[in-house]
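Let's walk through this structure together, from a helix to the cores and then to the pockets. Please have the viewer ready as you read.

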Amino acid sequence: NNLQEGQAWLDEHEIEYEERPIKEEKPTKSELAAWIPKSGKAIKSFFNTSGKLYKDLNLKERLPEMSIDEQLEVLASDGMMVKRPILAGENIVLVGFNEGEWKSIASKK
């Protein structure tokens with residue numbers, strides 16, 4: 001899965017990281033609000049669109065009608081709502097494992 005691929009990639013490139021089980025230690029609304037702009041991506045990129053909870057809540061249809069604040073509330077409500085892995089650093093946030101994007105951090109270490 002993407003989480004295991006991301007961890008293996010970080011280990012292979014000898015990049016130190018602190019693992020956080022977001023199911024148990026879900027991201028807060030304020031963390032998410034800070035991470036999203038750093039990622040350079042839309043808030044929708046942070047949703048685990050293939051997850052059961054996303055589908056059960058019919059968020060595909062509902063998100064376009066929701067404010068950013070409401071979307072942040074939904075994301076912060078359950079760690080399984082958030083796409084994984086998230087790599088959050090001081091100046092960068094990567095969401096989901098995409099080797100091309102992750103290479104940018106390896107070149108900066």
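What follows is a short tour of a helix, the nonpolar cores and the pockets.

This is a predicted model, in which local features need pLDDT of at least 70, side-chain atom pairs count only at pLDDT 80 or more, and totals for chains, interfaces and linings use all residues. Residues are numbered from 1 along each chain as its sequence is written, and side-chain values use heavy atoms, with hydrogens and water left out.

Let's begin with α2, residues 29-39; helices (H or I, at least four residues) and strands (E, at least two) are DSSP runs, numbered from the N terminus. In α2, L32, W35, I36 and S39 are buried, where buried means under 20% relative accessible area, exposed over 50%, and partly exposed in between (1.4 Å probe, protein chains only). Seen down the helix axis, the buried residues of α2 fall within an arc of 105°, so they line one face; the arc is that of the directions from the helix axis to the C-beta atoms. An α-helix has 3.6 residues a turn, so residues three or four places apart point the same way. The face turned away from the buried side of α2 carries the exposed residues S30 and P37. The cover over the buried residues includes α5 (68-77), β1 and β2 (93-95). Just after α2, G40 takes a positive phi of about 75°.

Of its 19 residues, L32, F46, F47, L59, L75 and M81 touch the most other members. The elements giving two or more residues to this core are α2, α5 and β2, and α5 gives the most, with four. L32 touches P27, F46, L72, L75 and A76, leaving aside residues up to four places away in sequence; contact means heavy atoms within 4.5 Å. Apart from this core lies another, of eight residues, including L10, L87, W102 and I105.

Now for the pockets. A pocket is an open set of points on a 1 Å grid over the protein atoms alone, where a 1.4 Å probe fits, with protein on both sides within 12 Å along at least five of seven lines; lining residues have an atom within 4 Å of a point. Grid points are joined across faces, edges and corners, and a volume is the space filled by probe spheres set on the points. The largest pocket has a volume of about 700 Å³. Of the 26 residues lining the largest pocket, Y17, E18, I86, L87 and A88 are the closest to its centre.

Note on methods. A nonpolar core is a set of buried Ala, Val, Leu, Ile, Met, Phe, Trp, Tyr and Cys residues joined through side-chain atoms within 4.5 Å.
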